[in-house]
Amino acid sequence: MSETLQTLLQAKGEAAREIPSESEAGFLWDFWYPALRSTEVSGNRLATAMLLEVPLVLGRTADGNAFAMRDSCPHRGIPLSYGHFDGQTLECSYHGWKFEACTGRCVEIPSLTSQDKLKVERIFAGHYPCEERDGYFWVYMSSGARPAAGGTGSRDANRGRERDNAEAQRAERSAEKSEASGNTSAQSTEPIPSAPKLAVFSEKYRITYLACDLPSHVDQGIIGLMDPAHGPFVHQSWYWRSRHSIHEKEKKFEPIPNGFRMSPHTPSSNSAPYRMLQKYTGEPVTTTIDFVLPNIRTEEIRSGKLWFSSRATVTPVLRDLCRIDFVAAWNLLLPVWIFRIFAQKFLRQDQETMILQAEGLKHNPRLMLIDDADRPAKWYFGLKANLLESRRTGSAMTHPMSGPVTLHWRS
Ligand code: FES
Ligand SMILES: [Fe+2]
């Protein structure tokens, strides 16, 4: 291995850091996203996922710790998922470099001789914080704190730098500086919050999971999720509602950190399941629906001791592909299979509509958001823009809502 390449590799942790593509792809970095279901990983089996256009390899160590690495060897880019995982370290299938799964740190390069001075432990595979919660592997898609050795931009950058000794030396100096300041491994300056958790209200409950891919940008998926006006057209069915049941609604909303809440209210009287619940418990039914950045809609329905809690997330996979992950838990006498039939139908209706919408969006039409039905969508875009602005300037984030608001629409 050439001297240049050695210094280059040592420098990678600092020099080849990914540039967040926030601006071009419209993704929100530095948040948790669900990557896959826990059931997809067993024993030493590796699984792959794509989040925010980053290919990931995920697994669980022998001690049960979930991990997520960029699915790309920092040596020559072959997906690490083709390698071998022994429960602790992941060995690349190409030249056998070994990486600690939980840190991404390189621990062995088989081709090195005792003469080589390359500092193996300074090499990192791209690595992201990963937690297993509510039956999902969650990955914190950190934009800058990770030692992203295998970044998208790094391949081209590498090619350039292999030719450019001066640049490599400069990079090495900056890597040394970064090491001196302790800025290695997966340390980040800001503590990372823990992954989101579904609210449950009793010890025993049923829980079920659904997922569905949408061929659109995450923003379209999200505003579709919070859109009240499509219900009577897209989701019409005898047991839910028909277009003839459209009536005027008044809903109160309030700002919450990073999002907004549809204040606790008695659910729509044109939905049969809610009427049934009320009849059953004899107590009022209240629903609270929250949306928080980057992509989480939660809904809690409570009536006496009975409850239903759900979470839908719309996760960016590629810039023109996102995925809804839906998890619901309840202690009602509602068998999982019955719920799934209805929920699947519901999701399929949304999916089919968005497939049709994608046809139209291909041609970059001008779009509009109208009051009041699209006001939540406006808040979403406002939240997103204000968050990016506050991250850019370092000033506090302003909320697009100045206080509680009552919206009116017909659905
Ligand atoms: S490409 Fe992975 S070890 Fe060479
Ligand atoms: Fe829908």
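**The iron site, a helix and its rings**

Guide: Along the chain, the donors of the iron ion (ligand 2) follow the spacing H-x4-H-x114-D. Please bear in mind that this is a predicted model.

Visitor: Which protein atoms are the donors of the iron ion (ligand 2)?

Guide: The donors lie 2.0 to 2.5 Å from the iron ion (ligand 2). They are His230 (NE2), His235 (NE2), Asp350 (OD) and Asp350 (OD).

Visitor: How many residues apart are His235 and Asp350, and where is each placed?

Guide: The pair links distant parts of the chain. His235 is in the loop between helix 6 (231-234) and strand 13, and Asp350 is in helix 8 (residues 336-361). The separation is 115 residues.

Visitor: Is Asp350 buried or exposed?

Guide: Buried residues have under 20% relative accessible area. Asp350 has a relative accessible area of 17%, so Asp350 is buried. His235, at 3% relative accessibility, also counts as buried.

Visitor: Is the site of the iron ion (ligand 2) tetrahedral or irregular?

Guide: Four donors count as tetrahedral if all angles lie between 85 and 135 degrees. The angles among the four donor atoms here are 56 to 149 degrees. The site of the iron ion (ligand 2) is irregular.

Visitor: Let us turn to helix 9. What length does helix 9 reach from its first C-alpha to its last?

Guide: Helix 9 has 19 residues, and at 1.5 Å a residue a reach of 27 Å is expected. The reach in the model is close to that, at 26 Å.

Visitor: What covers the buried residues of helix 9?

Guide: The buried residues of helix 9 are Pro376, Ala377, Trp379, Tyr380, Gly382, Leu383, Lys384, Leu387 and Ser390. What covers them includes helix 5 (218-225), strand 13 (248-256), strand 14 (259-265), strand 15 (286-292) and strand 19.

Visitor: Which residue follows helix 9, with a positive phi?

Guide: The phi of this residue is near 80 degrees. The residue is Gly394.

Visitor: In which loop is Met397, and is Met397 buried or partly exposed?

Guide: Met397 is in the loop between helix 9 (375-393) and strand 19 (405-410). Its relative accessibility is 26%, and therefore Met397 counts as partly exposed.

Visitor: How many aromatic pairs does the structure hold, and what is the arrangement of Phe291 and Tyr380?

Guide: The structure holds 18 aromatic pairs. The rings of Phe291 and Tyr380 have centres 5.7 Å apart and planes at 85 degrees. Planes over 60 degrees apart meet the cut-off, so this pair is edge-to-face.

Visitor: Where in the chain are these two residues, Phe291 and Tyr380?

Guide: The pair links distant parts of the chain, 89 residues apart. Phe291 is buried, with a relative accessible area of 3%, and Tyr380 counts as buried at 1% relative accessibility. Phe291 is in strand 15 and Tyr380 is in helix 9.

Visitor: Which residues do ring pairs link into a cluster?

Guide: Phe291 and Tyr380 are among them. The cluster is Phe253, Phe260, Phe291, Trp379, Tyr380, Phe381 and Trp409.

How values were computed. Residues numbered from 1 in each chain as written. Chains lettered and ligands numbered in written order. Predicted model: local features only at pLDDT ≥ 70, side-chain atom pairs only at ≥ 80, totals over all residues. Heavy atoms only, no water. Helix = DSSP H or I, 4+ residues; strand = E, 2+ residues; numbered from the N terminus. Buried < 20%, exposed > 50% of the residue type's maximum accessible area, 1.4 Å probe, protein only. Expected span 1.5 Å × (residues − 1). Contact = heavy atoms within 4.5 Å. Donors = N, O, S within 2.8 Å, 3.2 Å for Na, K, Ca; no water. Tetrahedral: all angles 85-135°; square planar, octahedral: opposite > 155°, others 65-115°. Phe/Tyr/Trp six-rings, centres within 6.5 Å; stacked < 30°, edge-to-face > 60°.
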